[in-house]
Amino acid sequence: MKNRNIKIQSFCAPRLSTIVMAILKRLSLLLTLLLVGSPAWATIFTLQNHCNYTIWPGTLTGNGATVLGGGGFSLPAGASTSFPAPPNWSGRFWARTGCTFDASGHGNCTTGNCGGMLKCTGGGVPPVTLAEFTLGGSSSAKDFYDVSLVDGFNIGVGVKPSGGGTGDCQYAGCHADLNGSCPAELQIVESGSVVACKSACAAFGTPEYCCTGAHSSPSTCGPTRYSELFKNSCPTAYSYAYDDASSTCTCAGSDYLITFCPTGQ
């Protein structure tokens with residue numbers, strides 16, 4: 001009986017430690033907000049890397065609000081990081097792969113490159129998988145979010161609400177390795193390997209694929225065989241510009257966990 005109690009204690013202690021550390025991290029982030037004069041209420045984004053290699057997440061703010069994570073940073077395999085976003089923040093996250101940067105932050109990436117800088121000031125060069133957000137102005141207002149393949153695919157991404165949000169709070173993501181099933185005409189190949197899969201718009205540039213010109217409305221721009229390939233593999237992700245009905249997610253008062261390589265690609 002004595003040995004059994006010891007086993008139970010050794011199992012519970014690490015679990016309790018994990019819970020305490022999560023609480024302390026949240027408190028630390030909120031304290032940071034207060035010290036810099038930001039609103040006490042904020043959305044916490046946690047980015048975790050389940051890939052078996054280092055990635056370099058990029059962040060881009062879409063409405064002139066706070067730049068999160070300095071615009072970009074390194075995230076080793078198995079690592080995670082968190083930062084707060086203010087109310088009404090709008091922007092996107094993506095993973096860069098195969099990057100090399102010097103001490104000044106200048107360099108280049110195989111996919112998702114943003115002007116050759118570690119800290120992005122613009123978007124990632126397609127093809128790249130995007131996690132997109134428009135946050136509400138209060139804890140009771142809806143956030144809108146999605147995972148988008150409109151700019152193509154480089155690695156899998158998943159978005160999961162966390163921290164007790166209300167509303168639909170759906171999971172959004174693309175778990176499939178679309179590089180493995182990418183048609184030859186959409187492939188980006190480096191050193192003999194497919195490292196990304198272009199959208200049909202990026203590959204062909206025509207109005208029917210880009211939803212422009214005479215095809216610039218939902219009634220004139222529908223799915224194509226290429227977008228359907230993306231959609232069949234990743235049903236909860238945006239596959240083309242007007243793929244709103246099954247791809248836009250909402251939640252109120254939640255934090256968000258963004259996982260790169262959700263299945264450990």
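Q: How much space lies in the second largest pocket, and what makes a set of points a pocket and not a cavity?
A: In this predicted model, about 190 Å³ of space lies in the second largest pocket. A cavity is a set of points where the probe fits but cannot get out, whereas a pocket is an open set.

Q: Which residues are closest to the centre of the second largest pocket, and which elements give two or more residues to its lining?
A: The lining holds 19 residues, and the closest to the centre are Ser 199, Cys 201, Tyr 209, Ser 239 and Tyr 240. Two or more lining residues come from each of helix 3 (200-204), helix 4 (207-210) and helix 5 (225-233).

Q: How do the residues of that lining divide into nonpolar, polar and charged?
A: The lining of the second largest pocket has 12 nonpolar, five polar and two charged residues.

Q: What makes the phi of Ser 191 and the phi of Cys 211 worth a remark?
A: Most residues other than glycine have a negative phi. Ser 191, which is not a glycine, has a positive phi near 55°, and Cys 211, although not a glycine either, has a positive phi of about 55°.

Q: What kind of peptide bond joins Pro 126 and Pro 127, and where is Pro 127 found?
A: Most peptide bonds are trans. The bond that joins Pro 126 and Pro 127, however, is cis, with omega about 0°, and Pro 127 is found in the loop between strand 6 (107-108) and strand 7 (130-134).

Q: How many helices and strands are there in the protein chain, and what share of the residues is buried?
A: The protein chain has five helices and 14 strands, and buried residues make up 41% of its 265 residues.

Q: Among contacts between residues at least 6 apart in sequence, what share joins residues at least 24 apart, and what share of the accessible surface belongs to carbon and sulfur atoms?
A: Of those contacts, 65% join residues at least 24 apart. The accessible surface of the protein chain comes to about 12,700 Å², and 58% of it belongs to carbon and sulfur atoms.

Key
Residues are numbered from 1 along each chain as its sequence is written. This is a predicted model: local features need pLDDT of at least 70, side-chain atom pairs count only at pLDDT 80 or more; totals for chains, interfaces and linings use all residues. Side-chain values use heavy atoms; hydrogens and water are left out. On a 1 Å grid over the protein atoms alone, a cavity is a set of points where a 1.4 Å probe fits but cannot get out, and a pocket is an open set with protein on both sides within 12 Å along at least five of seven lines; lining residues have an atom within 4 Å of a point. Grid points are joined across faces, edges and corners, and a volume is the space filled by probe spheres set on the points. Helices (H or I, at least four residues) and strands (E, at least two) are DSSP runs, numbered from the N terminus. Ala, Val, Leu, Ile, Met, Phe, Trp, Tyr, Cys and Pro count as nonpolar, Asp, Glu, Lys and Arg as charged, and the others, Gly among them, as polar. Buried means under 20% relative accessible area, exposed over 50%, partly exposed in between (1.4 Å probe, protein chains only). Contact means heavy atoms within 4.5 Å. Accessible areas come from the Shrake-Rupley method with a 1.4 Å probe; for residues, only the protein chains shown count as cover.
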